[in-house]
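Please keep the sequence and the 3D view open while you read this note. Each point picks out a part to find and look at.

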Amino acid sequence: MTLKRRTFLQGAAAASVAAATGFPHIWSKNAGLARAQGGEIKVGVLFSLTGTTGIIEESLNKATLLAIEEINEAGGINGMRIVPIVEDPASDPATFAEKARKLVVGDRCVSVFGSYTSASRKAVLPVFERRDNLYWYPTLYEGRECSKNVIYTGAVPNQQQDEFIPWLFENFGPRFYLIGSNYIYPKEENNYCRKLLAELGGEVVDEEYVPLGHSEFSSVINKIRSTQPNVIFSTVVGDSVVAFHRQYRAAGLDPETMPMASLTTSENEVAAMGGDAAAGHFTSAPYFMVHDSPENQRFVEAYQRRWGGDKVTHFVSEPSYFQVYLFKQAVEKLAASDIDPPTIREAVRGEELMAPQGRIRIDPDNLHAWLWPKIAVARSDGQFEVLRSSSDWLRPDPYAAYPGQVCTVNGLVEG
Amino acid sequence: MEFFLQQVMTGLSIGSILLLVALGLALIYGSMGVINMAHGEFLMLGAYSTWALNTFFGLGLLSSLVFVFLLVGAFGWAVERGVIRFLYRRPLDTILATWGIGIILQQVVRLSAGGELRYVEMPEVLTATVSILGVTVPGYRVFVFVVVAALFALTWALMFKTDFGRRLRAVVQDRDTATCFGVDADRVYSLTFAYGAGLAGLAGALVAPLKSVSPEMGTAYVVDAFFVVVLGGVQSLFGTVVSAGLLGQLTGSLAWVTNDTVAKALVLVAIVVIIRFRPQGLFVAKVRS
């Protein structure tokens, strides 16, 4: 058939009339049916595979795909297969938004698992809020967000610091040196750290930020030497973590008396800097690869069998893995015709799950996860040794540093 | 007094790394006039060569240095012969071409060695700290300082005390006349480029134990290197040293008074202001035009 200009125009006109009147109506009425069609549930997987954060996000992509494969092999969700649609947003927030729109609007996914950086999460947020879709975010982050369209399975400041700061205070002393990369996450963490230290009677000897990607720490180390803090509280990220640790060691500073206490140093960073440079420094997180539980043993074995024996699991890849199982649990409770992002969100409120780190739960109010904070020290073999595990799961409070602000079912409430 | 010394030492160690990174560029850009945007990637290749020699052949950092210099130097020679020499009279095209080479190198390394961060082990003898006039300084930084001083002396001698250096200076001053006197300008240029690339490779090897090694690491260094060379005065080897020292001390003391983020911005402002009033840089080599 040849398409003439005139017939094409007529056709296009007819189609646009139909679109204006008929389509939207049919579309919304059968939305539920359309979403879980032919025994398949479509989900988006949105982690960068290229670009600056490509390496770390690739491990999140792998953990997500592993969980999806496991669920499908075990018979899917109520007999329906999960079909992952993988996109590569290339570490660029604008591309994140564009790919998110494609997954939500074009592919009609019922949920999207994705993001490592806060910048990329903020970039996709409007897409999910406008379409009332669901974004599953596995990374620890700075809190201060309250969206009914995001399920947050990583730690917020109170979950990493509430036990860590008093422990450091008791074991090393009251004087803290706060250092971070110059962006929102370290500032919010330090903000909360200051609050905790004020309650304990501790002291912040200095608070300093270095540019992202900074690699010359001579001046910082000089200041540390002259102020002699008891603890260096570090929220430096990326390449800078490696440079900072290696220069700290070259400067002859001693982790025994002046350790770095980090919220961002995982097995990944330790592998990049070498165990010797990391040894003796502390990290607080809900998950470490060495954590001793049958669930974690299964997770680590499955991960290494699927992706290679030299691969490490860490405190962001673990939530990437278990949040897919949370998704499964929530969808299982729904009839096939009811599967829709808002119904999944309601189903996941208060949902509990045995994760590799311990039993976790999604808070019914703020949609963040109840987690198990742990304090660990890095060893020279590149792994951590868990020194202290929380005796109970810890409630997420994304507004812990801001008294009077509470994240509730109805959004942020002041006062 | 001790505080003052501490600051000077910090400035010296920052400055020595700046000079290390800029020395190769001082020749390639300063003498030959080639705006080599791939300088940072030559440095990155040096760091990865060291890592590879270390990982696959068990060579320590110190024994790798000569190989790294030769490897990256040979690579630089090939780049000059294959691409740069066709573009000597077209500076804008040189920028594009070398930038392209830089991107290609980044991706090749990412695809072959992987994109994860790497590190190079510091030689055991240099992990200790030393005390200079009562100030504690990392042994490795002292080592870098000494190596940089030696490399500078070597480069200076090469430029001003050898026959090769005389030929290079002749070609730089007036290529056609030099050629008339029987100087093989092509050969002089390709060897100079190779030497400059080799120096960049050494810089990469030497910063690797202090900083992280990644395919993108060169980007930050190439900017620093251009600042140092431009501020010092293009074509002035001596100016490069003064400018590296000055920027080192400035960065060190500003970072002490404020913090690294502000220091970085203020140093850039200072460079802009100086270049505004002294576009030729701090030092001017006398060249007949």
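Predicted model: local features only at pLDDT ≥ 70, side-chain atom pairs only at ≥ 80, totals over all residues.

1. Helices 10 and 11 of chain B. Start with helix 10 (residues 237-257) of chain B and helix 11 (residues 260-277) of chain B. They pack at an angle of about 140°, and their axes are 8 Å apart. That angle makes helix 10 of chain B oblique to helix 11 of chain B. An angle counts as roughly antiparallel only over 145 degrees, so this pair is left in the oblique class. The crossing of helix 10 of chain B with helix 11 of chain B is right-handed.

2. Who touches whom in that pair. Helix 10 of chain B brings Leu247(B), Leu250(B), Thr251(B), Leu254(B) and Ala255(B) to the contact. Helix 11 of chain B answers with Asp260(B), Ala263(B), Leu266(B), Val267(B) and Ala270(B). By class, the contact of helix 10 with helix 11 of chain B has eight nonpolar residues, one polar and one charged.

3. Helices 5 and 6 of chain B. Now turn to helix 5 (residues 139-160) and helix 6 (residues 163-173) of chain B. Their axes come within 5 Å and cross at roughly 70°. Helix 5 and helix 6 of chain B are therefore roughly perpendicular to each other. From helix 5 of chain B, the contact uses Leu158(B), Met159(B) and Phe160(B). From helix 6 of chain B come Phe164(B), Gly165(B), Leu168(B) and Arg169(B). The classes for this contact of helix 5 with helix 6 of chain B are five nonpolar, one polar and one charged.

4. The contact between the chains. How many residues does the contact take from each chain? It takes 29 from chain B and 28 from chain A. On the side of chain B, the elements that give two or more residues are helix 1 (2-31), strand 2 (135-138), helix 10 and helix 11. Helix 1 of chain B gives the most to that side, with four residues. The side of chain B that touches chain A divides into 11 nonpolar, 12 polar and six charged residues.

5. One face of helix 15 of chain A. Which residues of helix 15 (residues 341-348) of chain A are buried? They are Pro341(A), Ile344(A), Arg345(A), Ala347(A) and Val348(A). Seen down the axis of helix 15 of chain A, these buried residues fall within an arc of 165°, so they line one face of the helix. They pack against strand 3 (111-114), strand 5 (150-152), helix 14 (317-332) and strand 12 (358-362) of chain A. Gly350(A) follows helix 15 of chain A, and its phi is positive, near 75°.

6. Two residues with positive phi. Arg144(A) is not a glycine, yet its phi is positive, about 65°. Look for Arg144(A) in the loop between strand 4 (135-137) and strand 5 of chain A. Arg144(A) is partly exposed, with 19 other C-beta atoms within 10 Å. Leu367(A) is not a glycine either, and has a positive phi of about 60°. Leu367(A) is in the loop between strand 12 and strand 13 (369-370) of chain A. Is Leu367(A) buried or exposed? Leu367(A) is buried, because 24 other C-beta atoms lie within 10 Å and 20 or more are needed.

7. Ser215(A). This residue sits in the loop between strand 7 (203-210) and helix 9 (218-227) of chain A. Ser215(A) is buried, with 21 other C-beta atoms within 10 Å. Leaving aside neighbours within four places in sequence, Ser215(A) is in contact with Asp239(A), Ser240(A), Ala243(A), Lys211(B), Ser212(B) and Ala220(B).

8. Lys333(A) is in the loop between helix 14 and helix 15 of chain A. Lys333(A) counts as partly exposed, with 14 C-beta neighbours inside 10 Å. Between the C-alpha atoms of Lys333(A) and Thr343(A) there are 9.8 Å, and the two residues are 10 residues apart along the chain. Trp307(A) belongs to helix 13 (residues 294-307) of chain A. With 16 C-beta neighbours inside 10 Å, Trp307(A) also counts as partly exposed.

Notes
Residues numbered from 1 in each chain as written. Chains lettered and ligands numbered in written order. Axes fitted to C-alpha atoms, helices over the stretch in contact; angles between N-to-C directions. Parallel < 35°, antiparallel > 145°, perpendicular 65-115°, else oblique. Left-handed = near helix turned anticlockwise from the far one by under 90°. Contact = placed C-beta atoms within 7 Å. Nonpolar A, V, L, I, M, F, W, Y, C, P; charged D, E, K, R; others polar. Buried ≥ 20, exposed ≤ 12 C-beta atoms within 10 Å, placed from the backbone. Arc of directions from axis to C-beta.
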